[in-house]
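Here is a brief report on a predicted model. Please look over the sequence and the coordinates before reading on.

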Amino acid sequence: MVHTFAGGVHPDDSKHFSKDKPIEEAPVPKVIRIPMAQHLGAPCKPVVQKGDAVKKGQMVGEAAGFVSSPVHSSVSGKVADVGQYEHIFGNPVTSVVIENDGEESWADGLNVEASDVDSMSIDDMKKRILEAGLVGMGGATFPLHVKVSPPKGKHIDSFILNGVECEPYLTADHRLMLEKPDGIIQGLRILCKIVGAKDKYIGIEANKPDAVKVMREAAEKVDPSIKVIELPVKYPQGAEKQLIKAILDREVPSGGLPMDVGALVNNVGTAFATYEAVEFKRPLIERVLTVTGEGVVNPKNLLALVGTPIKTLLDFCGLREKANKIILGGPMMGLAQYTTDLVVIKGTSGILVLEGKPVGVHGPCIRCGRCYDACSMHLMPSRLSVLLENKNIEAAQAANILDCIECGACTYVCPAKRPIVQFIKYGKGEIRARQAKERARAEAKKAKEAKEEEEKKAAV
Amino acid sequence: MDDKFLVSTSPHIRSDESIPKIMWTVVLALAPAAVAGCYFFGWPAIAIILGSIAVAVATEVAILAFRKKPLSQALDGSAVVTGLLFAMIISSNVSWYLVVVGAFFSIAAAKHLFGGLGCNIWNPALAGRAFVLTAWSLQMTSGWARPLDIDAISQATPLNALKMNVEAAGPYSLGDLFFGHIPGSLGETSALLLLIGGLFLIVRKYVDWRVPLSFIATAVILCMIIPFKGADAGQLGWYQDMQFFEKLGFWAFSGGLFLGAFFMATDMVTSPMTKKGGIIFGIGCGVLTAVIRKLGGYPEGVCYSILIMNTAVPLIDRFTVPRKFGYVEPKKAS
């Protein structure tokens with residue numbers, strides 16, 4: 001049976017720049033900056049102030065609510081400032097600036113000897129995951145302790161590790177699988193023990209045959225029930241819903257989550273971080289990322305501390321004369337930045353430097369249908385783009401625009417160079433704003449009615 | 001490198017497909033059949049092809065200027081495709097003004113009155129031919145050009161001859177029909193070269209093979225099954241003497257079926273968006289072609305069948321919406 005999904009596109013994988021470069025340690029920065037927003041959910045509240053001494057791994061921002069995740073200092077040193085600084089989405093975010101004293105002295109109780117995972121209770125493991133500030137490292141940065149605590153009634157039978165790395169140019173997961181397979185497998189076992197999943201899978205795209213081999217051997221040593229599945233190369237195979245469809249042949253319902261079909265998916269980097277957090281009580285303070293692209297002199301896979309300035313990494317790898325586009329993430333879904341005054345955060349999987357050309361004017365939709373063929377969510381991208389070009393939000397909502405995973409395959413393939421995904425993002429934003437307004441109005445109405453009830457009762 | 005960066009939304013890479021690439025590839029695919037038309041029908045054919053393209057492009061430039069759109073859009077090749085297709089579906093012995101007016105109508109009315117590229121409902125070249133057929137019906141139906149070396153008195157196309165029982169026309173062998181050595185429109189006769197061009201487009205993934213297959217198969221099967229209306233039709237000796245498979249070939253290679261099936265029914269703008277829709281479209285065209293050929297007033301039905309199915313495309317699209325991913329019955333709010 002061919003494990004794949006309907007739709008998808010085949011961009012040049014452009015991985016030759018860095019796939020054979022072993023992971024190198026990035027230069028240790030003199031000053032780091034820890035933003036309070038490195039995850040989906042409420043941003044953290046800083047728990048240190050200017051002048052405080054901090055140790056490596058010490059929490060500097062506490063989780064604000066259940067769907068949130070603490071952030072930690074990746075070096076020991078002194079807090080130089082707590083203020084608003086540039087962030088990857090363009091809005092400034094509260095960040096803690098720390099001067100590195102170079103001592104690398106860990107906070108008490110962290111970075112301990114390996115604990116015996118098999119004798120640890122599930123609650124203890126979850127506690128370590130929460131305290132370590134683990135989030136999804138594939139890019140979505142969903143807090144891990146929330147993900148592995150599905151509500152009652154959602155039974156998880158399958159856990160899938162995402163080693164697909166379908167974005168062109170990026171090779172961080174590839175190198176991690178080649179160099180740290182045992183840690184990843186151990187992380188998978190920990191995650192499966194926590195949620196009680198019986199079936200364990202690791203999905204890897206066929207453009208990484210060496211990783212498939214290494215992961216299969218590592219899995220067999222420890223747990224022969226782990227199935228390493230080689231998947232045909234197609235973008236976006238690494239998207240959660242498409243991965244579940246390809247490996248389990250189940251479709252996550254519209255508006256639903258993978259747990260609704262009994263599955264959970266995590267990036268291999270997240271599994272490795274889980275292993276580090278649960279066995280050694282190491283918080284998420286470093287990660288592997290790829291600095292690559294035509295605009296980089298020496299593309300590299302780097303193990304970088306969270307909080308390392310992007311400028312440091314770009315200087316380390318060197319930029320070419322014509323480099324003019326800095327993208328955090330991959331070329332299909334990454335965010336183009338207007339400044340290099342940013343830092344590595346938990347979700348930074350890659351820094352892509354391109355020699356780009358300005359975007360031209362797009363043409364009319366010629367109804368060629370390539371976007372229909374490309375869409376892995378079975379939507380009608382060209383129709384959505386035309387509806388939104390004419391600001392017809394209601395019709396777009398009726399055409400299932402909210403199901404769009406914004407993978408960009410439709411836009412990649414459009415001969416008229418229409419910015420379809422941009423139209424869809426605009427439409428989704430409009431719909432959410434309207435929904436929020438509706439909710440606010442409904443609540444205000446309820447509050448008013450409750451108040452009137454009270455007054456009626458008081459008058460009687 | 002100075003500190004100014006290019007910022008745009010994702011995705012930051014694009015495929016190398018473009019509208020000009022598609023249009024000029026279609027021109028390339030039509031070229032063999034167009035050149036064959038010039039070979040069979042001589043100088044008039046060359047003049048008509050060049051003239052039609054020139055008028056189409058000039059009209060496009062003029063209208064773009066009038067609509068205050070960038071004139072570079074005229075270079076995208078779509079006007080050339082329309083001009084070339086229009087030339088290929090008329091006979092090479094028509095008057096020059098018919099070519100000029102038809103090409104002008106195709107671009108100005110059938111394309112730009114609807115909003116320009118991507119907005120038209122009907123195939124512009126076919127709409128132009130329908131207009132010219134109605135405006136100069138005598139010229140368009142009474143005398144088809146014949147290949148220069150055929151020394152025949154009659155000037156009926158094979159379909160025309162068979163329907164009207166024109167005894168002096170033919171005999172036409174299967175080879176004549178396949179290679180194009182027959183009277184007809186200047187680009188529609190050579191089934192072989194149209195097939196080659198069509199297969200080229202299919203391999204390059206500009207044409208979905210389901211559409212020409214369903215169109216041609218449906219048309220040929222129904223042409224074999226549906227009897228001619230009227231006692232005189234279908235009586236020609238050389239047709240009656242054909243074997244079964246030769247008759248299949250007759251209905252497939254005659255008239256504008258190959259040109260219509262490979263190049264007009266597959267026009268992206270005027271055909272359905274999905275593959276399922278394309279099959280319905282192809283079958284519909286095939287049915288209408290056979291009905292007009294056997295039961296209708298004209299000897300050839302490809303032009304009108306495609307125009308009628310173009311009208312049905314929005315309806316076809318509405319009923320062939322892709323299956324929703326992960327569809328769940330909506331729960332009623334309690």
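## A loop residue in chain B

B:Q235 is partly exposed, because 13 other C-beta atoms lie within 10 Å of its own. A residue counts as exposed at 12 or fewer such atoms and as buried at 20 or more. B:Q235 therefore falls in between.

Where does B:Q235 lie? It sits in the loop between α10 (210-225) and α11 (237-240) of chain B. B:E167 is 68 residues away from B:Q235 in sequence. In space, the two are 9.1 Å apart, C-alpha to C-alpha.

## Chain A overall

Chain A has 460 residues. Its secondary structure comprises 13 helices and 17 strands. Along the principal axes, the C-alpha trace of chain A spans about 70 × 60 × 50 Å.

A compact globule with 460 residues would have a radius of gyration near 23 Å. Chain A has 23 Å, so the value agrees with that expectation. Buried residues account for 55% of chain A. Take the contacts in chain A between residues at least 6 apart in sequence: 73% of them join residues at least 24 apart.

## A four-stranded sheet in chain A

Four strands of chain A form an open sheet. Their order is β11-β10-β9-β12, and the pairing is parallel.

In general, strands of a sheet pair through backbone hydrogen bonds, either parallel or antiparallel. Here, strand β10 (residues 199-205) of chain A runs parallel to β11(A), and six bridges join the two. Across this pairing, A:Y201 stands opposite A:K227 in β11(A).

## Helices across the sheet

Helix α4 (residues 181-195) of chain A lies across β9 (158-163), β10, β11 and β12 of chain A. Helix α4 runs at about 150° to β9(A).

Helix α5 (residues 209-222) of chain A lies across β9, β10 and β11 of chain A. Its direction is at about 170° to β11(A).

## Where the chains touch

How many residues of chain B are in contact with chain A? There are 32 of them, and they touch 48 residues of chain A. By class, the chain B side has 18 nonpolar, ten polar and four charged residues.

How values were computed:
Residues numbered from 1 in each chain as written. Chains lettered and ligands numbered in written order. Predicted model: local features only at pLDDT ≥ 70, side-chain atom pairs only at ≥ 80, totals over all residues. Pairing = 2+ DSSP bridges. Contact = placed C-beta atoms within 7 Å. Axes fitted to C-alpha atoms, helices over the stretch in contact; angles between N-to-C directions. Rg over C-alpha atoms; globule rule 2.2 N^0.38 Å. Nonpolar A, V, L, I, M, F, W, Y, C, P; charged D, E, K, R; others polar.
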